[in-house]
Amino acid sequence: MAKKTAGTFQKLKDNGEKIAMLTAYDYSTAQVLESAGIDGILVGDSLAQVVLGHENTYNVTLEEMLIFVKAVARGAKNSFIVGDMPFMTYNTSVERGLGNISQMIKAGANAVKLEGCNDYILTLVKRCVESGIPILGHLGFTPQLMNTIGGYKIQGKSFDAAEKILESAKKLEEAGAFAVVLELMPAESAEYITKNLNIPTIGIGAGAGCSGQIVVIDDILGKFTDFTPKFVKKYANLHETILESVKKYSAEVKEGIFPSKEQSFEMKEEEREKLYADK
Ligand code: KIV
């Protein structure tokens, strides 16, 4: 199958087809997502929490992100991969931001995601797009601005607030972003924003009216259990599956059931005889 691109997202939206994105952080999961034909893979900075065990996304570094982007790129060579720029790796200056963003692309990402919208971000988006780097915007609840927002708060709750998000989304569209993530807002607001934009919206906790959806894979597989947001639907309970498997393995090791002959290698008969011959 031909590799999907940022342009595929627009085509899917224009054809009235929903866009399905998921996060992935490692090689073997990326292989599964590619086999499933997912439209896009985000190597999200959510890995700070679900992979590295941090409380929020502030503590993941660019160097760490690059390791996971490389692993996903090796596992999903034919998929459209978006690398998430971590906190303060693109905010200090356009030149430094471009340098860090180019590292993401060199690591195997086909696009990058940036949070927020202000004049600085818009300049950076334009410079990236001019340099051939597709940009996925991120509005609504933006985890890297959590200290300003004051926690996990639903955004765009009023008409005025939804209008403001739409205004930002339009600016990102004008700057050349190929799509925008809308996180944690009433379904009505996200639908309104989606209807008034040309580029696709990718929702997370933003209802069914977006052009597509994204969720954290560890959440929908029931592997990450520290907290489960209301918008997560669990398609599996990997925490339970892994727990039961590990308990069974441990018990079988202690009882001498594992490994059995089936999982062992054997010497040739004549060599074995020498082992047991009287010395
Ligand atoms: O880091 C992340 O996983 C995200 C989401 C949009 C899922 O930013």
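Reader: Is R272 buried or exposed, or in between?

Author: Buried means under 20% relative accessible area, exposed over 50%, and partly exposed in between (1.4 Å probe, protein chains only). R272 has 28% relative accessibility, so R272 counts as partly exposed. This is a predicted model, in which local features need pLDDT of at least 70 and side-chain atom pairs count only at pLDDT 80 or more, while totals for chains, interfaces and linings use all residues. Residues are numbered from 1 along each chain as its sequence is written, and side-chain values use heavy atoms, with hydrogens and water left out.

Reader: Which side chain meets R272 in a salt bridge?

Author: Side chains of opposite charge can pair when their charged atoms come close. The rule here asks for a side-chain nitrogen of Lys or Arg within 4 Å of a carboxyl oxygen of Asp or Glu. E266 is the partner, at 3.9 Å from N to O; E266 is exposed, with a relative accessible area of 57%.

Reader: How many salt bridges does the rule give?

Author: The count is 10. One of them joins K113 and D84, with the closest N and O atoms 3.0 Å apart. K113 lies in strand β4 (residues 111-113) and D84 in strand β3 (residues 81-84), so the pair ties together parts 29 residues apart in sequence. Strands (E, at least two residues) and helices (H or I, at least four) are DSSP runs, numbered from the N terminus. Both K113 and D84 are buried.

Reader: How many disulfides are there?

Author: A disulfide is a pair of cysteine sulfur atoms within 2.5 Å. The search of the whole structure finds 0. The sulfur of C128 is 14 Å from the closest cysteine sulfur, in C117, too far for a bond.
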